[in-house]
Amino acid sequence: MEPFVFFGGKGGVGKTTVSSSYALKCARDGHDTLVVSTDPAHSVGDVFDQSFGDEATPVDGVENLWAMQIDPDDEVTRHLNELRQQLSEQVSTAMVSEINRQLEMAHGTPGAYEAALFDRFVEVMRNAEPYDRVVFDTSPTGSTLRLLGLPELLEDWIDRLMQKRKVSIDLFEKAAVGNNEPRRVMEGDPVLAQLQERKSFFEFAGETLRSDAAFFLVFNPDELSLNETARAISDLEASDLSVRGLIANKLTPAPDDDETGRGAQYLRDRIATESKRLTRVREEFAPELVATIETRTAEVKGDLLAAVADEIEIDTTVDPPSAAEQ
Ligand SMILES: Nc1ncnc2c1ncn2[C@@H]1O[C@H](COP(=O)(O)OP(=O)(O)OP(=O)(O)O)[C@@H](O)[C@H]1O
Ligand SMILES: [Mg+2]
């Protein structure tokens, strides 16, 4: 299994629960494991009854396990401030207020949140040496995955910019023969450097996600969740990322055979409906169904987490990373 494992799926299906359980399973099998969560509402903190922040922190009472909780709001703000800082160093003061205005607007766009999170994920992957495995509680969605096509786009852009800079630097050189300054201007061009840096960042992201990451999708046995899963599979495929497996969570538990009351009948009816849906998943969805997890009567934490971990039949061994190290 690849060193980076993502669990995606629509809201509330059980991504946090499943990724925490799988991370626990990896840790118990002796792999140094980091679980990264991004959900401010119900997160790894609730599952492990411990509060986590932006820095990886050992999980109390579990050997080999660390957790980290990224706050997406903080991430967007940090991202914005960084951009503002970088840009203000490069443009005239007259432009700073216009740039600030544009950035504020970008801050509010739906993609900003996801893009900032994606950046943070990539950063975590870039700095993952201390761990054998990193488990991400959520996977990039369609709109973020499109960022993986960015290197090619940037390549074009960088080429054209270089061309323009060359022309102006040539003119400059002709005007100032014998001066070494222009060459240096070209090499140290902050705008080009920035673009190059973004380009290699996304190249790393694409390479790592394609060769060192495995994606799993969690779903619940309802139509909405099934449709969403089908969409997520094709979104990932469109970016050359394949889904390794599907996890059905919150399945209705069966009553004992000798129970005949209305409650038992209700459960049997539900199970019949759910099993039709699972058959559809097995027949129509390309990725394999790798785990079926029943609904528990209580929040999945503590001992229950270990029980759920036992139901997740996903390999925990770690392949060495193959993507080019940066
Ligand atoms: N198998 C299960 N049995 C009982 N409760 C479950 C099970 N799986 C998840 N839950 C509960 O359902 C709720 C949602 O689960 P979880 O937080 O893992 O979903 P999520 O996909 O991470 O949600 P979000 O999209 O909000 O991040 C939680 O309260 C969790 O304890
Ligand atoms: Mg969650």
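This is a predicted model: local features need pLDDT of at least 70, side-chain atom pairs count only at pLDDT 80 or more; totals for chains, interfaces and linings use all residues.
## Ground rules

Local features need pLDDT of at least 70 and side-chain atom pairs count only at pLDDT 80 or more, while totals for chains, interfaces and linings use all residues. Residues are numbered from 1 along each chain as its sequence is written, chains are lettered from A and ligands numbered from 1 in written order, and side-chain values use heavy atoms, with hydrogens and water left out.

## Helix α1

Since 13 of its 14 residues are buried, α1 is largely enclosed by the rest of the structure (buried means under 20% relative accessible area, with a 1.4 Å probe and protein chains only). After the helix comes Gly30, with a positive phi near 95°.

## Around ligand 1

The shell holds 19 residues (a heavy atom within 4 Å), and Lys15, Thr16, Thr17, Asp39 and His42 come nearest. α1 gives the most, three residues; β7 (243-251) and β8 (288-294) each supply at least two.

Now the polar contacts (N or O pairs within 3.5 Å). Oxygen atoms of ligand 1 sit 2.9 Å from a polar backbone atom of Gly14 and 2.7 Å from a side-chain N or O of Lys15. A nitrogen of ligand 1 lies 2.9 Å from a polar side-chain atom of Asn249. Taken alone, ligand 1 exposes 620 Å², and the protein buries 83% of that (Shrake-Rupley, 1.4 Å probe).

Definitions and conventions:
Buried means under 20% relative accessible area, exposed over 50%, partly exposed in between (1.4 Å probe, protein chains only). Helices (H or I, at least four residues) and strands (E, at least two) are DSSP runs, numbered from the N terminus. A polar contact is a pair of N or O atoms within 3.5 Å; within protein, one must be able to donate a hydrogen and the other to accept it, and residues adjacent in sequence count only if both atoms are side-chain atoms.
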